[in-house]
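The sequence and structure come first.

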Amino acid sequence: MSSVECAPAPSSPASPTLFERMRFAGKWRDYQQRVIDEFERLICDDRIHVVAAPGSGKTILGLELIRRIGRPAIVLAPTVAVRNQWIERLVPMFLREKPTAAEASTHLVRSSTLTCATYQALYALWSDPDPSRFTQFVEQPSAAGPVTLLLDECHHLRREWWHALQTLIDRLPGVTVVALTATPPYDAPYAEWIRYQKACGPIDLEIGVPELVRNGDLCPHQDYVHFSEPEQPTIDLLQRRRDTIGELLRAIRSDEQLIDDLLRHPWLVVPEAHVEAILDAPELLSAILVLIASSSRPLPAAPLKLLGVRADELPVASAFWTATLLDAILFSHSEIFPAAAERLKSWKPFLAEHGLIEGQHVCLGETRSTFSLMAGSIAKLGSIVDIARAEFANLGTDLRLVILTDHVRTDEFPRSFTPNYRPSKIGVVPIFDALRRSSINGLRIAVLSGKLVLIPTDAAAALVGACEKRGLSPAVVRRTSLPGLASIVQLDFEGAADGCAVEIITDLFEAGHINVLVGTQALLGEGWDAPSVNSLVLASNSAAYMLSNQMRGRAIRIDPERPAKVSNIWHLATVDQLAPVEIADRFEWGSMNEPTLIRSDWELLQRRFAAFEGIPNHGDPNIRSGFERLGMDGNDIEAANRATLALAADRPAIARRWHQAIGAATLRSHVREIAQANYDPRHLSWRDTLRWLAASGASGGAMVAAHEGLRVAPSSDTAHLAAAVAIAFGIYAFPRFAKASWLAIRHRTLESSVAEVGKVVLSGLAEADQFSFGDIETAKVIGVRNLSGEVDIYVDGLNRAEERMVLDAVGEVLGPVANPRYLLERRSGWGPWRRLDYHAVPASIAQRKEWAEAFHRLWKRHVGPSTLLFTRTVDGRRALLRARGQSLAAGFQRRVDRRSAWM
């Protein structure tokens, strides 16, 4: 550990302060103790940023960190309820008696040792027309010296609230920021993530769900997906759209005049003169070549040479490449394709009429409109009914099923519940009615939203006790019978009862008067606590990390009344089996790891499952994130649903797999970020070995031939010259063969190859002085082969922020080449077997020439021979274009996926 000078703690006054009187009365959980043990290291940069899953005791941990820092503290929370918890937890967890108003308050304008408020209150004060009020607030706590600012779940901040928070941080001299959150905005746009990190600092430690399950603070659980097919009108619409796209592709390929115009374009005639323009849109040149190849016309050699690819390496024509070309010609690059643009102008009305233009872009794949149609499909109502029927059959009256969706759809509420009622989109009301119509005997359904509350009629008697429990008269809850529906009653909460509606209905749910509760994720998705929930259906279209994690958190809390609780979490997907996922249609260029628009339920599931870790359905129970752990493909909907329902019925098996997974790990195991690469430099070493082996063999053969020549004609000058050349060539080739063989041995497995690349990255970052804390001498990059045959890459011996930096750099080296300042070029093979391979020098190392050169030396020593190229020169730009052109290879595209796993 590198030594760091820390500021001395402020001296204590004569009378004990609030923080000096505080002493934790409980016993720290092991993951909380880990944060406390590393307190001295974490505090030295005046930022402590801890990510901890729901149920980990963040409030208690935050109070302990505030106590240890020992300065006046301001706590900002997302809601009033959460704000109040900070003061409520003081007694009896830290104090025997309630603190005074001067010691702890919930008013920003009053000076106190511990001030707890909401982000809304801070924004209201900051935006007050009288700026002196905000100034007075800032000056009150800072008058006694530096303060501590604790940010509780600050991912909640709306965009305008960030200005108020950043102003506060800037105006508090010497402030120490403590950030605690369960759901950092990992999937936020880059600018928002930078803003988040500026306020909170890099993530120091992460306490994951597996640790809480191991400690008994969260229950075992599993995620499942239930598929549905769209209804026939939607299928017909999608088929018509697909037919139109097919017609378009055929027309484009057969347009001889368009092909002639493109073949005359300067990019294809003299591409060397347009390298810079091509680099700005390399996918466009590729799309032109793909179209020409699909039309059976001969391909010009110059652009292929510039890209460094062969004609047979071009991918097949697809909707993706056609959309790329049409979009450029009609919109983004029409000025450089005047002839083609004029020719295709007549296609615009046709494309618009058939929904193939979206926001001034040609879109031949999934669109926002088709996603909305599929995501909101009422076909999912059938999935919800199937899930409810199966779960009720398994658990009976012990079932506590919650269904969360995005919209109430009060306009879908029928005036009378007749058999011919048919909703248009999924929502609270359509879900309620579908369950009601399912006639599952014994199912007690209720609705809880801000606009509508429905409960079973026979639960109304228990409503009296629930109201009295909170000191309310039952008369403040008005009941309304629904026409034609005697089994359900509508509730309206009046006066003082309005703020207790959620608590009252929750009490009925917990007591079993309700066993299915339908609500919105906005009301129940976060903060709502019902420990009895053992089944959750996410009928929401949100793929955001934050919302997904929050909603899942409702189901995985432990229930003291049911120690053996196991929860099932259900995700819904409407998929079109007529449209298989094609790699070519999913091709991404350049910004491979940037967030993309969600355009299908498949993509939504992929994004959502990347946000949390869990056990796989089959094989070794290695805990990891990612949709792949479910072992599903959705190609046969009925078979997949039958298998899923059978797995979900065996809750004891879920608990056993969790215990197997956490029992096989060490006490120090925790959630790590990992990278999965489908490319490594192992084959480079083997090719080099074979190449120099052949060279050594040739030199040996030449020496034998020369020796025979000298034996026959000892005085021959030609024989002497041949012998000298053969000896010299042998001397030249053998050391290279030896080194290549040594590297090939080191790279004998994919895991060892990745480890060598990781060693180079670690050493290169150290040479570039990129590490602030961790001990670089003990740090290492480790590659472990997973069940699918890929290698999981993770970092050991560094803090979380530095782990991420190293994985980012490894991803740049092994992933697709974007636009780096420096490239490593590797040449191998001869003639038709000649190959160029490229690796980007990580951006954090490529900032300075001497750092890049040091990285190059390390690469040659540990991985293999290469040439370092600066891509901001003419020759470097050509090499960069060839490097990016390699992504065209139809059979192989580099990829580095980011996941998290418990190790």
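## Terms and basis

Buried means under 20% relative accessible area, exposed over 50%, and partly exposed in between (1.4 Å probe, protein chains only). The model is predicted: local features need pLDDT of at least 70, side-chain atom pairs count only at pLDDT 80 or more, and totals for chains, interfaces and linings use all residues. Residues are numbered from 1 along each chain as its sequence is written, and side-chain values use heavy atoms, with hydrogens and water left out.

## Aromatic pairs

There are 13 aromatic pairs in the structure, a pair being rings of Phe, Tyr and Trp (its six-membered ring) with centres within 6.5 Å; planes under 30 degrees apart count as stacked, over 60 as edge-to-face and the rest as tilted. One of them, Y123 with W126, is tilted, at 5.9 Å centre to centre and 40 degrees between the planes. Both residues lie in helix 7 (residues 119-126), three residues apart. Y123 is partly exposed at 25% relative accessibility, and W126 is partly exposed at 31%.

The pair F609 and F627 is edge-to-face, with 5.4 Å centre to centre and 80 degrees between the planes. F609 belongs to helix 28 (residues 601-609) and F627 to the loop between strand 18 (624-625) and helix 29 (637-649), so the pair ties together parts 18 residues apart in sequence. F609 is buried, at 0% relative accessible area; F627 is buried too, at 3%.

## Aromatic cluster

F24, W28 and F94 form one aromatic cluster.

Key: Helix = DSSP H or I, 4+ residues; strand = E, 2+ residues; numbered from the N terminus.
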